[in-house]
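The following paragraphs lead through a structure from its overall make-up to some of its details. Please keep the sequence and the coordinates at hand while reading.

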Amino acid sequence: MNWKKLVSNKFLALPLAAGIGLAGAAPLWASPSVFKTGTTIYDPAKAYNSYVIFTALDGKTHLIDLDGNEVHSWPHVAFPAGLLDPALTGGKLGHVIVQLENGPGIEQGFFQNKVLAELDWDGQVVWQWGPEAPGGAAQQHHDWGRLANGDTLVLSHLTHKVEGLDGKEVLDDVIYEVTPDGKIAWTWVAGDHLSEFGFSPTDLKYLQGVVSRGKDVDYLHINDMKVVGPNHWFDSGDPRFNPDNIIVDSRNANFIVIIDKQTGKVVWGLGPDYPRPKIAPGMAVQGAKSKLPRPVDQISGQHDAQIIPEGLQGAGDLLVFDNQGSAGYPPVVTGAGSRVLEIDPVQKQVVWEYTAEYSGRPAWTFRSHFISDARRLPNGNTFINEGMNGRFFQVTPNGDIVWEYISPYTSSPSTSALAPNGRPIISGDVYRAIPVPYDWVPAGTPHSEKEVADPDTLNLTPTAQ
Amino acid sequence: MKRKNNFLNKLLIFSAVALVSTLGISKLWAAPRVYLTGTTIYDPSKAYNSYVLFGAPDGNTHLIDLDGNEVHRWNHWGFPSELLDPKVTGGKLGHVLVQLSSDGKDVWGGIFHNKTVGELDWDGNTVWEWGEQAPGGAARQNHDWHRLPNGDTLLDVTVVHPIKELDNRDIADQAIYEVTPDGKIVWKWVAGDHLSEFGISPEGIAYLKKQLLRGDNAPQKGSGFLTINKFNVVGPNHWFDAGDKRFNPDNILLDSRNANFIVIIDRQTGRVVWRLGPDYPQVKSSKVPRPADQISGQHDAHIIPEGLPGAGDLLVFDNQGSAGWPPVALIGGSRVLEINPVTKQIVWQYTGENSGRPIWSFQSHFISSARRLPNGNTLIDEGRDGRFFQVTPTGEIVWEYVNPYVNQPHDGWDQSGQGVIVNWVYRAQPVPYDWVPAGTPHSENPVTEPDVTKLQASGHKKFWLF
């Protein structure tokens, strides 16, 4: 290409940024730049009408109705936010578990958690744990669970050497069961079970290389931990699905396992190596809407694996947000978009799935390569948090989007990480968002259910150019 | 009031809806779902003011001004649509290269169904056409092509044959042909002949063979096992002027999307004389300068032409799309990298973070392009989302446009067979005002960027139409 009217024939060194003027900079976090925030679609007749709770990068935990009205908030972050089932709080409504004290920064602070706490609706501390934890800090990350006996399961970190990983210290994941008076009643250390996760010799060799090249490598990055809960598999005699057992998934290693609460051993596993999904060569465009049911194909960087609770459509199946983010030892080929997969855990078959193509959109229009979650709703819809974009939506079983919301709560320049050129990186991403039934909050808490029409029903004539 | 008018003149997202309204399903193409198309940001005092040329999924080649007005259109699409320098058209203004005929049913049949390609004048008359004389009777041109000063045309074409080092079956490979105005092939370079020169490790070759055994690169699939998605002559540059023969202006620089390498081939011998990749150190930093780190699935690698800021450097859109033999780890956002090709250091880069946004806010795992502009800005096509924008050297977005020209359902563009609507754009090319016939209009009305956290008026139909 030859440009006329050339400015100069010299080789020009480009000035690299230092001290950018920030005046007038609007916080934007997704492309394209100009999009609507708040509730963008809402069909109250087809949606499961509820509240939604989530922690945003503004440092608060928000409770919204489906019209996007904030009906309550707590001035703390939670990792993740969740409203406690009144069955576990002696009938008290509107209790949450949050991170009470953290390291500096919002996102960075999540990972330097000192104190974990239960707050009541008014933000009063009901219970807290931290100074009595190993190392003097809770180090809680990614998940927690309140048990029926009143104890709390805490997913935490432990830096130590793991046998089979090159003699170097790694950042390992550990689960503590903590009693109401702060004692650790049960401990499970992931690294003790390295040989049970299904790594092939090739996988392990690659993993060892990663560990030996790095420092304190977060080699598993367990981002999910839940009790299995009552289910028909156990009822009909399969002890692997004991309701007290715990399901966890490893983001970095692409496996999902159930661990026996009594022995700590892995009793059920999926991954880390799966058959390849159908991907068009070169373009890595996922050929979604593949045949169902089918054997589980390659999951990558997944989040929020859970057994669908009894009483919901698909109860007993595994629901997981398959990010298709870069992950695996070695990294696997990833598709163009994320997937939500419902898996029969006994047959290990995908029995239902959602990708953007089920909503008639290209695969890449539903994509979050990290964070995110998916939950089955009482009316059969699935609630999805496309976390990277702070976008929550409900899909019907056949993929119709009946509610959509874009979180407007972003990080602020003072709490954000800085880009290499000095600009604060403003983001509206949301780690996890969870639907909350209307009757889990104190009486008198308002909600509205005003329809927000999907643009396609407006019958607008485009302003043609 | 000016701003109001600008918004009124935008082609809204609803245009796509109107196309498919009979189905009762909205088919929109990027997340989040409700957003503006057309020009969304424009600061004429900081942007490089020009036209932009691109082929869109509606099957047409569009020329727009920076306000998003379509000032011209050709009823053909090119892979890519390429505006010809008047220097290679005998001074004629506004000629383009496009695909002219296909023996397939869809627009995107461009690779194996692409029959003839050619040059159109401003009014859409065919000036030159080629394909029937090609080996196999069809052009099979894809991903790139260029007109040379001698009047010949260089084309990236798909060829099918076995490559004995890999597999004894036919596979899709790519070649570059130099074709004369009367259709004769006077020079040819076949990628598969140079497999051993691309720096692919024994592990990489083993992985590739395994892929081929699975039939991933069987004929009729993809454009070639390497997917060479960009080539161009190196062009005049200071490296050659100072005696470095690798950068001979006649040599050809090309990149392989699937294998993550960028090479320069000697025009005389066909041999690789300069190479970057396919294996790089892991991405651990965004500070510059630093050694080139892992590129994945890149597009549009080229030497910045003389006269532009950064002339002689390599500019490349590093998609960070899944690629490599075996696949490499990805960073979760695309990058535009300017690389000193001699020291192989990254001397400038753009990611979403440079604009104060998360790294994932700028991401296209496939297609896309990046071009340096005369005022030092860079025009970027985030191809997957049909989003073009100009960034200053410090990362300020001074112009942005979202392509509103979408496909019809089931015309093959979305590659999935689901009938979805896409607005993706393979490549966007900046076009100076004086490269088109006199009298072609353009406007430069500013468009102010709103604060999206405040875009929450209820009943967004009113909102978007204010």
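How many helices and strands does the secondary structure of chain A come to? Chain A of this predicted model has three helices and 27 strands, while chain B has five helices and 26 strands. Of the 465 residues in chain A, 51% count as buried; in chain B, which has 466 residues, the buried share is 58%. When contacts between residues at least 6 apart in sequence are considered for chain A, 56% of them join residues at least 24 apart. For chain B, residues 24 or more positions apart account for 56% of the contacts with a separation of 6 or more.

Before turning to details, the confidence of the prediction deserves a look. Chain A has a mean pLDDT of 88, and 88% of its residues reach 70 or more. Residues 280–288 of chain A have a pLDDT below 50, although this stretch has 41 contacts in the model beyond near neighbours in sequence. The pLDDT is also below 50 over residues 456–465 of chain A, a stretch with 21 contacts beyond near neighbours in sequence. Where pLDDT is low, the predicted coordinates should not be read in detail.

One sheet in chain A can be followed strand by strand. Three strands form an open sheet in the order β5-β6-β7, and their pairing is antiparallel. The strands β5 (96–101) and β7 (125–129) of chain A stand at the edges; each has a single partner strand, so one side of each is left without a neighbour in the sheet. Neighbouring strands of this sheet are turned against each other by 30 degrees on average, with direction ignored. The antiparallel pairing of β5(A) with β6 of chain A, residues 115–119, runs over five bridges, and A:Gln99 has A:Leu116 in β6(A) as its bridge partner.

The nonpolar interior comes next. In soluble globular proteins, nonpolar side chains tend to be buried together. Here the largest nonpolar core has 212 residues, and those with the most contacts inside it are A:Val98 and B:Val316. The strand that gives the most to this core is β11 of chain B (residues 167–179), with six residues. Beyond its neighbours within four places in sequence, A:Val98 is in contact with several residues, including A:Trp74, A:His76, A:Val77, A:Ala117 and A:Leu119. A second, separate core of five residues includes A:Ala336, A:Ala356, A:Trp364 and A:Phe366.

Is B:Pro341 buried or exposed? B:Pro341 lies in the loop between β20 (335–340) and β21 (345–350) of chain B, and because 22 C-beta neighbours fall inside 10 Å, B:Pro341 counts as buried. Apart from neighbours within four places in sequence, B:Pro341 is in contact with B:Trp274, B:Asp313 and B:Leu314. By contrast, B:Gln268, 73 residues away along the chain, has its C-alpha atom 21 Å from that of B:Pro341.

After α3(B) comes B:Gly215, whose phi is positive, near 85 degrees.

Key: Residues numbered from 1 in each chain as written. Chains lettered and ligands numbered in written order. Predicted model: local features only at pLDDT ≥ 70, side-chain atom pairs only at ≥ 80, totals over all residues. Helix = DSSP H or I, 4+ residues; strand = E, 2+ residues; numbered from the N terminus. Buried ≥ 20, exposed ≤ 12 C-beta atoms within 10 Å, placed from the backbone. Contact = placed C-beta atoms within 7 Å. Pairing = 2+ DSSP bridges. Axes fitted to C-alpha atoms, helices over the stretch in contact; angles between N-to-C directions. pLDDT = per-residue confidence, 0-100. Core = buried A, V, L, I, M, F, W, Y, C linked by C-beta atoms within 7 Å.
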